[in-house]
Amino acid sequence: MFNKIKFGALFAGALAVSTVASAPAAKASEFINILTGGTSGVYYPLGVALSSLYGKGIEGARTQVQSTKASVENLNLLQQGKGELAFALGDSVKYAWEGNADAGFKAPLTKLRAIAAIYPNYVQIAALGETGATTVADLKGKSLSVGAAKSGTELNARAIFGASGMSYDNLGKLEYLPFSESVELMKNRQLDATLQSSGLGNAALKDLSSSQAITFLSVPKETAEALGAPYIAGVIPAGTYAGQEADVPTVAVVNFLVTHEDVSEETAYQMTKLMFEHLDTLKAAHSAAGGITLEDAVKGSPIPLHPGAERYYKEQGLL
């Protein structure tokens, strides 16, 4: 009898240990690293706003905002699994999917998935008023900063120069500098012009226009037509910057929020849903978010939608 009782107790104990060992672990915290751009651009404040939304709205989420060199770096980091959400220009996304080595992608980035098309970036070329420059052709012989080498901004610069029948060789001096550093050089009369691709109301250009007489160079719609998708004709409305009294034609390209295939469907769904349910929060972070609309979110993506984002859009009747 003793042996039977003892064996029964041992069996019950072993069963209890087995049950505990096989019980599902508590849900691990969700880490969402948001890849943005320089702190003086538009990506960064919008990334901070999204980080706050996701930290509060996604159960167990821990969020982080990473300042980067923007589009090209962001997409390469996503492919490596070093981020969960990134801002990127549409042409950079296209080149990444294709594996365009000249644009900074050594091989096709096949893990990329789209969350949404968001607001357009406007190519904004500001020159010191004293240079007399009013068009891209007027930059011949002058010094220009085009953003970090192989950044999304710099890819835009290359495209526009090519469509305008020019090359960097036509410049007196070429600099590869972030927005804020370019502006500081212009304030010190060490740089004639800066090309910045961002949402309207760029903080660095606002700073520059408030302290210097500058001219925004026009880029005709024919240039956008020559470039084709994802480029479109755009306008920098009068009054966007101090001293800008007239509309300035330019070229625009749509930005995308991008993730990768290893992010769970539920997380991608929540990231998409929370953004569109709180667009006012994004607009408060930066006026460029006023260009984000649900109706345009699924238009023109050069990469597949993430299944989580796709689920949200189907619920909204867009797919």
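These legends describe close-up views of a predicted model. Local features need pLDDT of at least 70 and side-chain atom pairs count only at pLDDT 80 or more, while totals for chains, interfaces and linings use all residues. Residues are numbered from 1 along each chain as its sequence is written, and side-chain values use heavy atoms, with hydrogens and water left out.

**View 1. Helices α3 and α4 pack at an angle of about 40°.** Helix α3 spans residues 71-79 and helix α4 spans residues 90-98. Helices here are DSSP runs of H or I with at least four residues, strands are runs of E with at least two, and both are numbered from the N terminus. The axes of α3 and α4 lie 9 Å apart. Axes are lines fitted to C-alpha atoms, for helices over the stretch in contact, and angles run from 0 to 180 degrees between N-to-C directions. The angle makes α3 oblique to α4. Angles under 35 degrees count as roughly parallel, over 145 as roughly antiparallel, 65 to 115 as roughly perpendicular, and the rest as oblique. The crossing of α3 and α4 is right-handed. A crossing is right-handed if the near helix is turned clockwise from the far one by less than a right angle, and left-handed if anticlockwise.

**View 2. Residues meet between α3 and α4.** From α3 come S71, V72 and L75; from α4 come S92, V93 and A96. Contact means heavy atoms within 4.5 Å. By class, the contact of α3 with α4 has four nonpolar, two polar and no charged residues. Ala, Val, Leu, Ile, Met, Phe, Trp, Tyr, Cys and Pro count as nonpolar; Asp, Glu, Lys and Arg count as charged; the others, Gly among them, count as polar.

**View 3. K69 sits in the loop between β2 (61-66) and α3.** K69 is exposed, with a relative accessible area of 59%. Exposed means over 50% relative accessible area, buried means under 20%, and partly exposed lies in between (1.4 Å probe, protein chains only). K69 touches A148 and S151, not counting residues up to four places away in sequence. K69 and I115 are 46 residues apart in sequence and 20 Å apart in space, C-alpha to C-alpha.

**View 4. Strand β10 (residues 248-260) contains H260.** H260 is buried, at 5% relative accessible area. Not counting residues up to four places away in sequence, H260 touches L78, G81, G83, E84, K111, L112, R113 and H306. β10 is mostly covered, with 11 of its 13 residues buried.

**View 5. β10 pairs with β4 (residues 112-128) in the antiparallel sense.** Eight bridges join β4 and β10. Two strands pair if DSSP finds at least two bridges between them. Y122 stands opposite A252 in β10. Strand β9 (residues 231-236) also pairs with β10 in the antiparallel sense, over six bridges. There, G234 faces T250 in β10. Strand β3 (residues 85-89) runs antiparallel to β10 and is joined to it by four bridges. F87 stands opposite L257 in β10.

**View 6. Helices α6 (residues 179-187) and α7 (residues 203-211) cross at roughly 15°.** Their axes come within 9 Å. The angle makes α6 roughly parallel to α7. α6 passes α7 in a right-handed crossing. F179, S180, V183, E184, M186 and K187 in α6 meet A204, D207, L208 and S211 in α7. By class, the contact of α6 with α7 has five nonpolar, two polar and three charged residues.
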